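Let's take a friendly walk through this structure, one place at a time. Please keep the 3D view open as you read.

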Amino acid sequence: MSLTLHPLKDYLPQEYDLAGSMPDEVKNRPVELVSYNSQEVVPGTLFLCKGAHFRRSYLADAARRGAFAYVSETAYPEVDLPGILVRDIRPVMASMAAMYYNYPCRRLKVIGITGTKGKSTTTYYLKHILDEYLAPWGKTCGVISSIDTWDGVERFESHLTTPEPLELQKHFYNALMSGMEYLVMEVSSQALKYHRTLGVSFTAAAFLNIGTDHISPIEHPDFEDYFHSKLKLFSQTGLSCVNLDCDHAQEALEAAQSVPGTVVSTFSRQNPAASVYGRDVRKVGEEILFQVEAAQLSGQYRLTMPGLFNVDNALAAIALCRGLGIPREAVQAGLARARVPGRMEVYASQGGEVAAIVDYAHNRMSFETLFRSVKQEYPGRRIVTVFGCPGKKAFDRRRDLGEVSGQHSDLVVLTEEDSGEENTLSICEEIASHVACECRIEPNRGEAIRQAVLSCHEPSVILITGKGAETRQKRGLEYIDTPSDVEYAQAFLREWDARRGR
C-alpha cells in the first residue's frame, strides 16, 4: 500500500518563520519525501537540516537533487529554496515524520520499555512471548532495540537504542504493512528528552528502574533531568507498568498515576500487594524457577537464560502481558524459550575451568547486578573483566565502571568500546585511574579478550561486557566491521584448550 501524500501546507508547524517567499503553488505541492539525508533526496522532497555535523553543502546538494523546501533552525539565503524556520527542529521533525508515514502507530500496538538496565532483556522476553501467542496466525512481533531491529521488511544490527523519528516511523509503517499487530521497543531517555518518540501512542509501557547514567554535557546535565526524561513515557501510554522495587519507585508510580485515563499496574519481588508478585526464586540445574501471583497469569514460570536478576525483567514482561490480555500458556512458553543475542551468553573451556560471559552491561547499575549474580552462581572463582567506555558521552561511566569492576574483579582489562571521535587509550587511562585491582590496557579489543582468557591458570569467570553480539565498532564517525565478543570468546577458549592438549 502506497503512502498518502500530504501538501506542504499540512506540514507547517504552528510556530514558524519563512526564509524566502513561499507562493501558494509551493504550499499546495505534495511532499514526495521527508528526509535529512541529501543522498536520498528525490524531486518533491521536504529537506530537514538537522544534526551537529550538518553542513550547508548538504542543503545545496538536496536542492540540486530536487528538494523544493527546507526546514531549519537557521536560514540559508545562499540556497535558492523557501525555508521553514523553527525554534527547535526536533519536535517538528517528529510530527512531520508521523504525518509522512500516515501515523502508523495508531493502527499498531506499540509497547515501550524504559529503565537504566534491563530494557533489552525485557524487550526480547516480551517479543518471545508475543511470537508464541501470534504463532497460530503465522505472525511475529516486531522489535526495535539497542541490539537489533526487525519490522517485517528490514532486519539489522542497531546503533541507537531508539531511532530518530523518520526511521522510527518508517519501522512502524513497515510493520503495519507487513501485517504485524505488535511491535515492542526500547525507549531511551535521550529519545524522550529530544522528542524522537513525540506523537507515538504506546499501547503499553514499562518503567523498570532508575540509576545514574548518561550524565554528560551533551546528554543529561544531572540525575533529575535523566530521571524525569524517562518519566515522560507515562504521558504517552494507556497502560503503565511500574517496578515497585526500584529506587524512586514512589515517584515513578505517582507520575504514572497522574496521567488521566491511564491504567497503572505494578510488579515486584518484595511487595505482595503488587499487581504481579514474584516469589520463591530458585535455580534448579541450569534453569531458574519462580512463582507468580498475578490473577489470570498466576503460576510457576521458568527461565532457561542465565542470570537470577532476569526474574525482574520477566516480571515486567508478565505485567505487560497481564494488561494486554495475553494468555498464561503463551507467557510461560515464551519466557521458557527466550534468548537475547549477546546477553548473558555463557561459553566455557572443555573442562569448564574457564567460563566466559558475554553481556551488554554498560553502566553502574548493570555492572553491580552482573557481579552479584556471577558471585552467586560461580562462588569462589577468580573474576576477570574486559570492557571500555564510549567516546564523547556518558562520562560518568568511566568512574562508575572503574570503581565497580575494581571492587569485584581480580583483573581488569580495558579496551576499545565505540570510542568514536575520542582516543581509545585516553578513555582507558581515565577508567584505569578509578580501578583498585590489577589493571591492564589493551586498545585492540580482540587482543584484550585473548589476554583475559589466556591469563586464566585457575578456575575463572571472564566478563566481557558492553558490546554483546555487536559486529561493529564506532571509530570516528564511521562504524567499522569487527568480530563480535561472542566470536572472540569462542576462538580464544579454543586456543586455551589447545594449549592444554585438548
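The second largest pocket is lined by 26 residues, and those nearest its centre are Lys 117, Asp 312, Met 365, Thr 369 and Arg 372. A pocket here is an open set of points on a 1 Å grid over the protein atoms alone, where a 1.4 Å probe fits, with protein on both sides within 12 Å along at least five of seven lines; lining residues have an atom within 4 Å of a point. The model is a predicted one, in which local features need pLDDT of at least 70 and side-chain atom pairs count only at pLDDT 80 or more, while totals for chains, interfaces and linings use all residues. Residues are numbered from 1 along each chain as its sequence is written, and side-chain values use heavy atoms, leaving out hydrogens and water.

How much space lies in the second largest pocket? About 680 Å³, a volume being the space filled by probe spheres set on the grid points, which are joined across faces, edges and corners. Helix H10 (310-324) and helix H12 (364-377) are the elements that give two or more residues to its lining. Helices are DSSP runs of H or I with at least four residues, numbered from the N terminus. H12 provides the largest share of the lining, seven residues. By class, the lining has eight nonpolar, 10 polar and eight charged residues. Nonpolar covers Ala, Val, Leu, Ile, Met, Phe, Trp, Tyr, Cys and Pro; charged covers Asp, Glu, Lys and Arg; the others, Gly among them, are polar.

Now follow H12 to a neighbour. H12 packs with helix H13 (residues 396-408) at an angle of about 15°, their axes 9 Å apart. Axes are lines fitted to C-alpha atoms, for helices over the stretch in contact, and angles run from 0 to 180 degrees between N-to-C directions. That makes H12 roughly parallel to H13, a label for angles under 35 degrees. On the H12 side, Arg 364, Phe 367, Glu 368, Phe 371 and Lys 375 meet Asp 400, Leu 401, Glu 403, Val 404, Ser 405 and His 408 of H13; contact means heavy atoms within 4.5 Å. This contact has four nonpolar, two polar and five charged residues.

Another pair to find is helix H4 (residues 89-100) and helix H6 (residues 165-177), whose axes come within 8 Å and cross at roughly 25°. H4 and H6 are therefore roughly parallel to each other. Met 93, Ala 94, Ala 97 and Ala 98 of H4 meet Pro 165, Leu 166 and Gln 169 of H6. Their contact has six nonpolar, one polar and no charged residues.

Finally, the axes of helix H8 (residues 223-231) and helix H9 (residues 249-257) come within 10 Å and cross at roughly 40°. Phe 227, His 228 and Leu 231 of H8 make the contact with Glu 251, Ala 252 and Ala 255 of H9.

Methods
Parallel < 35°, antiparallel > 145°, perpendicular 65-115°, else oblique.
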